[in-house]
Amino acid sequence: MDLKQFVDGMGAMTCVVSVEDLGNGKYGDIRIVTGNQAYIDSIENPAPGAELLVKEFIPNSLYTRYLTRDLNFEDFSYRAAVEKKCLHSYARPDRMQGIWFNMIFLPVNYQEGNICYCTYTMEINFSANSENLSSTAGETASKVLETAIKLRSDRDFKETMEDVIEDIREMCSAESCVILLTDSYEKKCSVLCQSIITDSGLRPMREVLLDDDFYNMTETWDDLIAGSNCIVVKSEQDFEVVKERNPAWYESIVSENVNSIVLFPLKFRGELLGYIWACNFDKEDAPKVKQVLETTTIILGSEINNYLLLDRLKILSSKDMLTGVMNRNEMNNYVDRLSDDGSTMSHSVGVVFADLNGLKRMNDDFGHNAGDKLLKDAAKVLEEVFKPEEIFRAGGDEFSIIVMGITEDELYKRAESIREIEKKYDDVSFAIGACFDADRRNVRQALKIADERMYEDKRIYYEKHPEKKRIS
């Protein structure tokens, strides 16, 4: 069969792919046998952003001459060439920034020994095409629409996401489905939601995060995906590729009883938000699972980004960015709620003012970096005694603590323990004032009294240490 003549009859960019069938679901070499002129031009004169590894087309070369190894391309080529299936995919691989590929794989009724063939036709879009995005199976499209509607509800976002991930898991017929958020600034990750079947052999992801510094693992996944839009692991051959590329992740998933997984990055406008994956599904359903996650990630990326943006704005409005404790604005709001909410319930309140001694001298003598470190250490001291949400940076060197439902003895005991813990840190020394009131609605008065007691403690401190006194 003249494959060149065959492919030249195609109007769109098309090549012929050969797959070496090794039997039992395994395959060997995958090659780009030949292509029509439009396909050859896409390699030798690529569109901006669509460059491959080389810009010279050589017939019958391994496909890895042109792009890094891609398990998704291999899977589609195998199923089209060997299993004689007609396949379609619409995706944006990470290796091609800002480019969407509309791809069709068709079997060729021709074989040479154990070498099978298919055609690979592609169309390039420089922005997402809504018609191609929506050309999923009817049942999947309907379920994805239901997901989109749920995300637009007035319910709490995290509660809604628990329902959404359950829907996605059921669509995938998977044992577990997880959305993991990653924070590149704080180098940590967290589970947004997970659905896992009863009596699963898999551990809940939140338990896995307790065991390991999992963020370091997630940083290796970009190389594992290797420029594609996801990774699908469902066969012995796939697992061998994972073992070669990422031994640590291979050991992790095998030890957690994972026998199949589809892993997708969750992105919004190129920024990584986290990952979604489904695992332990019927391996024959892998194309469907990939399609479900491929479609839902487009919707989820936007919604999760909005949620994280609002969360960041809340943090910015309530937290002191240097020390990580609550800020003055959040303290004022909290005091308003305690004193003016009109509730008839009466709880005790304990207030502590802790003013950091010697901050100005530290800034003057050693610079503001040294002063910032002193403030961070001061916050660490207080966090050993009180919960982070009870601590407020009320001013430059002044911290306040507001504790609900505490006894008077416990309050003064904790305030005194600050003096012992501060000895663990160089240069940390607090002037401390505390006040207890049986009615939390009197919190403003308690704050005033604690402030006065703190200033008296500071006066005594500077009498003993005049060398550390502030210089105006």
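Helices (H or I, at least four residues) and strands (E, at least two) are DSSP runs, numbered from the N terminus. By that count, the protein has 17 helices and 16 strands. Its radius of gyration (taken over C-alpha atoms) is 30 Å, well over the 23 Å from the globule rule (2.2 Å times the number of residues to the power 0.38) for 472 residues, so the protein is more spread out than a compact globule. Along the principal axes, its C-alpha atoms fill a box of roughly 100 × 50 × 40 Å.

A quick word on what you're looking at: this is a predicted model, where local features need pLDDT of at least 70 and side-chain atom pairs count only at pLDDT 80 or more, while totals for chains, interfaces and linings use all residues. Residues are numbered from 1 along each chain as its sequence is written, and side-chain values use heavy atoms, leaving out hydrogens and water.

Of the 472 residues, 49% are buried, meaning under 20% relative accessible area (1.4 Å probe, protein chains only).

Now zoom in on helix α13, residues 328-340. Which residues of α13 are buried? They're Met331, Tyr334, Val335, Leu338 and Ser339.

Key: Buried means under 20% relative accessible area, exposed over 50%, partly exposed in between (1.4 Å probe, protein chains only).
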